[in-house]
Amino acid sequence: MPDAGAATYLAEHIRRLVRTLAMLPLGTPETRALELGSYLQMAATMERVLGYGSVRPAYYGADAGIDTKTLLIKGQSPFRSEIDVFDAEVDTYPYADGSFDVVLCCELIEHLIHDPMHMLVECWRVLKGNGLFVLTTPNTVSLSSVAAALNGRHNPQVFSRYPAKGNQDIPHVREYTPFEIVQALQSAGFEIQTLITERMPKCEHATWVIDLLRQNKFETSLRGEQIYCLSRKRSGGVLERFPAFLYSS
C-alpha cells in the first residue's frame with residue numbers, strides 16, 4: 001500500500017532533495033554514507049542512482065533503537081533499510097570513529113532543542129579524514145523572512161507553528177543565517193567548500209525586499225529561503241565546543 005505521507009513529503013520537498021543530491025559526488029561500491037533525519041528517499045537515490053555502496057539512515061528520537069522501514073519505488077523493487085533511532089543532540093552516535101565518507105544532515109539542525117553543536121561534533125567524529133558533510137536548513141534572513149518581519153504580522157521563521165494535538169513533531173526551534181552556519185561548522189572542525197541559498201516556490205511576494213536592501217546599502221547575497229552547505233572534515237578536531245553566538249555563558 002503506497003504511503004500517502006511519503007508521497008506528500010516528496011512532492012513538497014522534491015526541489016530541495018534534487019538540489020542536495022546534486023551537491024554530492026558519485027559513489028563507488030566502497031562508499032559509505034550516513035543520512036540523519038532520513039525519510040529514505042535520499043538514501044535510496046544515493047544507493048540506486050549515485051552508486052553508493054551503503055547508506056545508513058538514522059532518525060531523531062528519544063528512545064534509542066533500530067527500526068525497519070520500506071520505501072516503495074515505482075518500477076523497481078522496494079527499498080528496505082534498518083534505521084538507527086537516537087537522540088541526535090545527546091547520544092553518542094552508534095558508529096565507530098571514521099565510519100563514513102559522507103554524512104548528510106538535512107532539515108534537522110533547526111529542530112534541535114538543547115545542543116546543536118553536539119550533533120556537529122558527532123558528525124565530525126564519525127566521518128573519515130577529509131570526509132564530506134552536507135547540511136541544509138532554512139535561512140532566517142531570507143527575503144521572505146525579512147518581508148515577514150517588516151510586515152509585523154507574521155513570524156519570520158519559515159516554520160514556527162506548534163504541532164497539532166497528537167502530532168509529536170518538533171517545530172523549528174531556531175533557524176539560522178548563512179553566516180551562523182559557517183561559524184558553527186568551522187567551530188566543529190569543518191572547512192566550508194560550498195555555501196549557497198536558493199529562492200523557494202511561493203515566495204515571489206518578497207522580491208520587493210531586494211530593492212529595499214539595495215537602497216539602504218544592506219547585503220543582498222545569500223537571501224534565498226533555503227541554505228545548502230557542503231563542507232569537509234578538517235584535521236585538528238573541534239575548535240570551539242560552545243561558540244558564543246549560539247550558547248549563553
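1. How many bridges join β1 to β5, and do the strands run parallel or antiparallel? Four bridges join them, and the two strands run parallel. In β5 (100-106), V103 is the bridge partner of L34. Strands here are DSSP E runs of at least two residues, helices are H or I runs of at least four, and both are numbered from the N terminus. Two strands count as paired if DSSP finds at least two bridges between them.

2. A word on the basis. This is a predicted model, in which local features need pLDDT of at least 70 and side-chain atom pairs count only at pLDDT 80 or more, while totals for chains, interfaces and linings use all residues. Residues are numbered from 1 along each chain as its sequence is written, and side-chain values use heavy atoms, with hydrogens and water left out.

3. The sheet is open and has eight strands. Their order is β3-β4-β2-β1-β5-β6-β8-β7, with mixed pairing. β3 (65-71) and β7 (190-198) stand at the edges; each has a single partner strand, so one side of each is left without a neighbour in the sheet. From one strand to the next, the twist averages 20°. Angles run from 0 to 180 degrees between N-to-C directions, along lines fitted to C-alpha atoms, for helices over the stretch in contact.

4. β1 also pairs with β2 (residues 54-60). Five bridges join these parallel strands. A33 stands opposite V55, and E35 stands opposite P57. The chain passes from β1 through helix α2 (residues 41-48) to β2 in a right-handed β-α-β crossover. Right-handed means that, with the strands pointing away from the viewer, the path from the first strand over the helix to the second runs clockwise.

5. β1 is mostly covered, with four of its five residues buried. Buried means under 20% relative accessible area, exposed over 50%, and partly exposed in between (1.4 Å probe, protein chains only). R32 lies in this strand (residues 32-36). R32 counts as partly exposed because its relative accessibility is 34%.

6. The contacts of R32 deserve a look. Leaving aside residues up to four places away in sequence, R32 touches S54, S99, F100, D101 and V102. Contact means heavy atoms within 4.5 Å. A polar atom of the R32 side chain lies 3.2 Å from the backbone oxygen of S99.

7. Two helices next. Helix α3 (residues 116-126) lies across β1, β5, β6 (127-138), β7 and β8 (226-233). α3 runs at about 145° to β6. Helix α5 (residues 178-187) packs on the sheet, touching β6, β7 and β8. The direction of α5 makes about 160° with that of β7.

8. Which residues of α5 are buried? They are P178, E180, I181, A184, L185 and S187. The buried residues pack against α3, β6, β7 and β8. An α-helix has 3.6 residues a turn, so residues three or four places apart point the same way. After α5 comes G189, with a positive phi near 100°.

9. Last, R16 in helix α1 (residues 4-22). R16 counts as buried because its relative accessibility is 3%. R16 and V182 are 166 residues apart along the chain, and their C-alpha atoms are separated by 20 Å.

Terms used: Polar contact = N/O pair within 3.5 Å; in protein donor to acceptor, adjacent residues only side chain to side chain.
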